[in-house]
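Hi everyone, thanks for coming. Let me put the structure up on the screen, and then we can walk through it together.

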Number of protein chains: 2
Amino acid sequence: MKVGFGIPLCFSSTLKPQSLCHSYLTPPTPLPVQPLPPPIFHSRPCLPIPRHTPITSFFASSMASSFKPEQARFKIGLCQLLVTADKERNIAHARQAIEDAAKRGAQLVVLPEIWNSPISSDSFPVYAEDIDAGGDASPSTTMLSEVASLLKITIVGGSIPERCGDKLYNTCCVFDTDGKLKAKHRKIHLFDIDIPGKISFQESKTFTAGENPTVVDTEVGRIGIGICYDIRFQELAMLYAARGAHLICYPGAFNMTTGPLHWELFQRARAVDNQLYVATCSPARDAGAVYVAWGHSTLVGPFGEILVTTEHEEAIIISEVDYSQIELRRTSLPLEKQRRGDLYQLVDVQRLNS
Amino acid sequence: MKVGFGIPLCFSSTLKPQSLCHSYLTPPTPLPVQPLPPPIFHSRPCLPIPRHTPITSFFASSMASSFKPEQARFKIGLCQLLVTADKERNIAHARQAIEDAAKRGAQLVVLPEIWNSPISSDSFPVYAEDIDAGGDASPSTTMLSEVASLLKITIVGGSIPERCGDKLYNTCCVFDTDGKLKAKHRKIHLFDIDIPGKISFQESKTFTAGENPTVVDTEVGRIGIGICYDIRFQELAMLYAARGAHLICYPGAFNMTTGPLHWELFQRARAVDNQLYVATCSPARDAGAVYVAWGHSTLVGPFGEILVTTEHEEAIIISEVDYSQIELRRTSLPLEKQRRGDLYQLVDVQRLNS
């Protein structure tokens, strides 16, 4: 079978696919913890460029690289946690949930967005931690590292407010089975919304936006990370698919307006459009909180099918991920081959400039 | 209000928005009937390009141009027609449905994919018409032209099999209120699917793929056209949004496998991701047909909300389109401004090369 631009898609039909990626031209590259970002500018201007220049080699669809996960079939646990104002309790509570998920067989555990702090602009600077310093400066991620190592599981650690110098970020840490911090994703798209009478929230008043898409190779697959509002930007998921992600994890806390309208829609659309798994994890709903989360953590398969979901209460839900389903769907509907690169192409700008 | 790269989004708050487009750099260009396409090649190779070349001016997001529709609020009619093997009956039946929709106030009428012929590879060459020759060589589009002119309405004429030389296309014609053929969209992505035990269909064995995205300026807005499987490719909708479309019409005939799974999902995702209207029109279901259509023609608003839909039986459904809703949604959630052009960009390849 050939996919893409005449380059073989090297799936096997076993449970350990040789590659699940889109068409690709370059070998895999290590994905280290990201360096500190440069200063950011919102609403970035386009640089001038001469017209009629042929372009193609930096298109996202040609950038994916192969990666063979050790586990192509495994259990995932989504911990929809009730978060309180008591940070120590939140950390202990999250640890207990992770342990419970692991006891139920989860080899990958996902936590919610902002699970150690209330979701409010006032709280973020108070609860923020210096993740790079680690140890006592970051008790939340220290716990995640310890428990990942102890239980030999991979953790996509939801997100916590991160302090770095004089800036705050909304940051997701990924730990491997040795407890090593494998990746740190700082929310790229900050949630600035104003729907009169419904919701107004300006996340960018508190947080600084991240500068890097995050794809990380783990024992349980190549995982792309987005945080909440990042899911609304289809280009990010396309970019992750093109980089060969098997699964995109979106810790998120959609609200009571956009939650019922769009939360499930986005998860299913990102999964089926890119033919990969999507996992989301929300805080449990606290009707008395300043920001009321919709809940409904979910795992979606590569055909847009909901594999497990829950309501708004606190819950630990477990489901099986089977990457051979990606192969199956991409064989049935070879979208990558059918794409019209002569009409449109997504550019992965960082790869272009690297 | 500013949107995008410092370029004003010139909405008014009235029912006649001055512009509904994404950020834009170039003035509007006329959108003629498309020329005959060059030979096509499936799975097109990427051309080599020097790396480290700055790129930006051909990105889709910088290509949209302004357009002021005469009607920013109007009624749309979706005619979900039962199609038979009797072509003359199909044409008369479609005409009657268009007249009925117009009587109910529709100023824009949309027909289904393949409404003059059964959906089967054997039928397509038999029912195909020479649209460019017109007159008796194309009784289906001659009828559409006449009725559009007579009723002073815009028609997105679903699709019919088109014969052009020795090739067949799955083609949608758009007629203005004077009965003029404004645009002809040949289905770009052909439906080749193989889900064992569910559905196997190789549209490319019969049809040749179109070579051009289609955006047409009408009295009822700037309309992007896709046919059925075209909806599965998110890039096309993104490209239409970037070219300033207010509405994307997808005549389509999803089947009994992908219909219940994906039909509504795609419509809502394309609408909410691009903050524009999406209208679809399917044939009514004929359980005895070789290809059984899902039905469920639908209008979706720019917040992903279903404004009108129907089941699988024959039906004419009417709903209001109000382009000020696009302004409202883009003001509440300024996605275009929030996009990270420093990380990803969609290239509109034809505009790049023009």
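In chain A, six strands make an open sheet, ordered β11-β12-β13-β14-β15-β16, with mixed pairing. At the edges stand β11 (214–218) and β16 (306–309) of chain A, each with a single partner strand, so one side of each has no neighbour in the sheet. From one strand to the next, the twist averages 20 degrees. Pairing here means that DSSP finds at least two bridges between two strands. Helices (H or I, at least four residues) and strands (E, at least two) are DSSP runs, numbered from the N terminus.

Before I go on, this is a predicted model: local features need pLDDT of at least 70 and side-chain atom pairs count only at pLDDT 80 or more, while totals for chains, interfaces and linings use all residues. Residues are numbered from 1 along each chain as its sequence is written, chains are lettered from A and ligands numbered from 1 in the order in which they are written, and side-chain values use heavy atoms, with hydrogens and water left out.

Back to the sheet of chain A. Strands β13 (residues 247–251) and β14 (residues 277–281) of chain A pair in the parallel sense over five bridges, and A:Pro251 sits opposite A:Cys281 in β14(A). Packed on this sheet is helix α5 (residues 258–274) of chain A, which touches β13, β14, β15 (298–300) and β16 of chain A, its direction making about 155 degrees with that of β14(A). Contact means heavy atoms within 4.5 Å. Axes are lines fitted to C-alpha atoms, for helices over the stretch in contact, and angles run from 0 to 180 degrees between N-to-C directions.

Now, at what angle do α5(A) and helix α5 (residues 258–274) of chain B pack? The angle is about 105 degrees, and their axes are 9 Å apart. The two helices α5(A) and α5(B) are therefore roughly perpendicular to each other, a label that covers 65 to 115 degrees. Residues making this contact include A:Leu261, A:Leu265 and A:Phe266 of α5(A), and B:Leu261, B:Leu265 and B:Phe266 of α5(B).

Over in chain B, six strands again form an open sheet in the order β11-β12-β13-β14-β15-β16, with mixed pairing. Its edge strands, β11 (214–218) and β16 (306–309) of chain B, each pair on one side only. Strands β13 (residues 247–251) and β14 (residues 277–281) of chain B run parallel over five bridges, and B:Leu247 has B:Tyr277 of β14(B) as its bridge partner.

Staying with chain B, let's look at α3. Buried residues of α3(B) include B:Met143, B:Leu144 and B:Val147, where buried means under 20% relative accessible area (1.4 Å probe, protein chains only). Seen down the axis, the buried residues of α3(B) fall within an arc of 150 degrees, so they line one face of the helix; the arc is taken from the directions from the helix axis to the C-beta atoms. They pack against α1 (87–103), β5 (154–156), β6 (160–164) and β7 (167–175) of chain B.

At 4% relative accessibility, A:Ser332 counts as buried. Beyond its neighbours within four places in sequence, A:Ser332 contacts B:Asp192, B:Ile193, B:Asp194, B:Ile195 and B:Pro196.

Technical notes:
Buried < 20%, exposed > 50% of the residue type's maximum accessible area, 1.4 Å probe, protein only. Parallel < 35°, antiparallel > 145°, perpendicular 65-115°, else oblique.
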